[in-house]
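Subject: Structure handover

Hello,

Here is the structure we talked about, with its sequence. My notes on what was found in it come after the display.

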Amino acid sequence: MTEREYLIALNMVPGLGSLRIANLLNYFSLPSRIFAASGAELAGVDCIGSVCAERIRGMLASREFAEEMGSLQSSEICAITLVDDGYPELLRQIYDP
């Protein structure tokens, strides 16, 4: 999987907004490392907790994620995320990109 796909999965986790995603990225550096972490490691990150940690751990295997990725592929849509060169530079600089 690519870092982009991991970010898409993070964005789909119920209850995981931009602040929590930023906390996770600050702690783990890469989206792939977030999904490689244990539930206890995730729960230890500021504002995450055990419920959100379990949601993160289950997202990659979820039907919703598979359907989302399938929909992107079949529609020939390329999601642009913070890890992509094509992400607008001015958006990177705002408080909550």
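The notes below go from the whole chain down to single residues.

Please keep in mind that this is a predicted model.

Overall fold

The protein chain contains seven helices and zero strands. In sequence order, the pattern reads α-α-α-α-α-α-α. The radius of gyration is 13 Å, close to the 13 Å that the globule rule gives for 97 residues, so the chain is as compact as a globular protein of that length. Among contacts with a separation of 6 or more, 54% are between residues 24 or more positions apart.

Surface and charge

The accessible surface of the protein chain is about 6,100 Å², and carbon and sulfur atoms account for 52% of that surface. There are 7 positive and 13 negative side chains in the protein chain. The centres of these two sets lie 5 Å apart.

Helix α1

Helix α1 covers residues 3–12, and Y6, L7, I8, A9 and L10 are buried in it. What do the buried residues of α1 pack against? Their partners are α2, α3, α5 (49–59) and α6.

Leaving aside neighbours within four places in sequence, E68 is in contact with I8 and M12. E68 has a relative accessibility of 33%, so it counts as partly exposed. From E68 to S18 there are 50 residues in sequence, and the two C-alpha atoms are 19 Å apart in space.

N23 lies in helix α2. Is N23 buried or exposed? Its relative accessibility is 17%, so N23 counts as buried; the cut-off for that is under 20%. Not counting residues up to four places away in sequence, N23 touches V45, D46 and C47.

L19 is in helix α2 as well, but L19 counts as exposed, at 53% relative accessibility. L19 and D84 are 65 residues apart in sequence, and their C-alpha atoms are 20 Å apart in space.

The search for aromatic pairs, run over the whole structure, finds two of them. In one of the pairs, Y27 and F28, the ring centres are 4.8 Å apart and the planes are at 70 degrees, so this pair is edge-to-face. The planes must be over 60 degrees apart for that label. Y27 is exposed, with 54% relative accessibility, whereas F28 is buried, with a relative accessible area of 9%.

S29 sits in the loop between α2 (18–28) and α3 (31–36). Phi of S29 is near 75 degrees, a positive value in a residue other than glycine. At 48% relative accessibility, S29 counts as partly exposed.

Two further places

E76 is also a residue with positive phi that is not a glycine, with a value of about 55 degrees. Where is E76 found? E76 is in the loop between α6 (63–74) and α7 (89–92). The relative accessible area of E76 is 75%, so E76 is exposed.

A40 belongs to helix α4, residues 39–43. With a relative accessible area of 65%, A40 is exposed. A40 and A53 are 13 residues apart in sequence, and the distance between their C-alpha atoms is 7.8 Å.

Regards

Notes:
Residues are numbered from 1 along each chain as its sequence is written. This is a predicted model: local features need pLDDT of at least 70, side-chain atom pairs count only at pLDDT 80 or more; totals for chains, interfaces and linings use all residues. Side-chain values use heavy atoms; hydrogens and water are left out. Rings of Phe, Tyr and Trp (its six-membered ring) pair if their centres lie within 6.5 Å; planes under 30 degrees apart count as stacked, over 60 as edge-to-face and the rest as tilted. Buried means under 20% relative accessible area, exposed over 50%, partly exposed in between (1.4 Å probe, protein chains only). Helices (H or I, at least four residues) and strands (E, at least two) are DSSP runs, numbered from the N terminus. The radius of gyration is taken over C-alpha atoms; the globule rule is 2.2 Å times the number of residues to the power 0.38. Contact means heavy atoms within 4.5 Å. Accessible areas come from the Shrake-Rupley method with a 1.4 Å probe; for residues, only the protein chains shown count as cover. Lys and Arg count as positive and Asp and Glu as negative; His and the chain ends are not counted. The place of a charge is taken as NZ of Lys, CZ of Arg, CG of Asp or CD of Glu.
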